[in-house]
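Welcome! Please take a look at the sequence and the 3D view below, and then we will walk through the fold together.

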Amino acid sequence: MKSIRSLITVILIVFVLIILVIVRSTKQNIFKQDVKTALDAAQNKSNLVSLDQLKKQSSPWLVVNLGNEDLPDNLHFEKSMHLPFENLLDQTNREILEEAKGDLILYSADDATAAKAWVILNQLGFKNIFILNTNENSGILNYKFQPDTTARIEPDSM
């Protein structure tokens, strides 16, 4: 009798696990937002907002400083908060971002950090997220790498 109960328990556990695996594997899109839309926004740079656009914007917005340093003097905003990238996914910080009204404008001295935060928040289902484009580093990645051909390795003389 005891072995039958044990067998039934094991069968039920295996059955539940099989159902969970089937549900997980049939879900084609595990992201909350459409990846194609996010990719298009990144390629078209429609996820960027300039300082001029931000100053002219009439709808509510909040600048989120993702760096460990304070905002530069030319970027002091009345509606801003400091949130280090490392703490972006803390529960309290996510609640603050969810309750924010209007657009979330992400800023970091490092463009890659702001881009990573944009992708994470976008895939978590946040809407109206933009990266503040300060134009300070806008030309850094626009140049094609070309090796220096003036320096040649001379063969060893024998």
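This is a predicted model: local features need pLDDT of at least 70, side-chain atom pairs count only at pLDDT 80 or more; totals for chains, interfaces and linings use all residues.

Residues are numbered from 1 along each chain as its sequence is written, and side-chain values use heavy atoms, leaving out hydrogens and water.

**The sheet**
- An open sheet is built from 5 strands in the order β1-β5-β4-β2-β3, with parallel pairing; two strands pair if DSSP finds at least two bridges between them.
- β1 (48-50) and β3 (80-82) stand at the edges with a single partner strand each, so one side of each has no neighbour in the sheet.
- On average, neighbouring strands are turned by 35° against each other, direction ignored; axes are lines fitted to C-alpha atoms, for helices over the stretch in contact, and angles run from 0 to 180 degrees between N-to-C directions.
- Helix α5 (residues 111-123) packs on the sheet and touches β4 (103-107) and β5 (129-133), and its direction makes about 170° with that of β5; contact means heavy atoms within 4.5 Å.

**Strand partners**
- β2 and β4 run parallel and are joined by 5 bridges.
- β4 also pairs with β5 in the parallel sense over 3 bridges, and I105 has F130 in β5 as its bridge partner.
- β2 (residues 61-65) pairs with β3 over 3 bridges, again parallel, and V64 has M81 in β3 as its bridge partner.

**Buried places**
- Why is β4 largely enclosed by the rest of the structure? The reason is that 5 of the 5 residues of β4 are buried, where buried means under 20% relative accessible area, exposed over 50%, and partly exposed in between (1.4 Å probe, protein chains only).
- In a regular strand, side chains alternate between the two faces of the sheet.
- In β4, D103, I105 and Y107 lie on one side and L104 and L106 on the other, and all are buried.
- L51 belongs to helix α3 (residues 51-56) and is buried, with a relative accessible area of 17%.
- L51 and L132 are 81 residues apart in sequence, yet 7.1 Å apart in space, C-alpha to C-alpha.

**An exposed residue**
- F15, in helix α1 (residues 2-26), is exposed, with a relative accessible area of 52%.

How values were computed
Helices (H or I, at least four residues) and strands (E, at least two) are DSSP runs, numbered from the N terminus.
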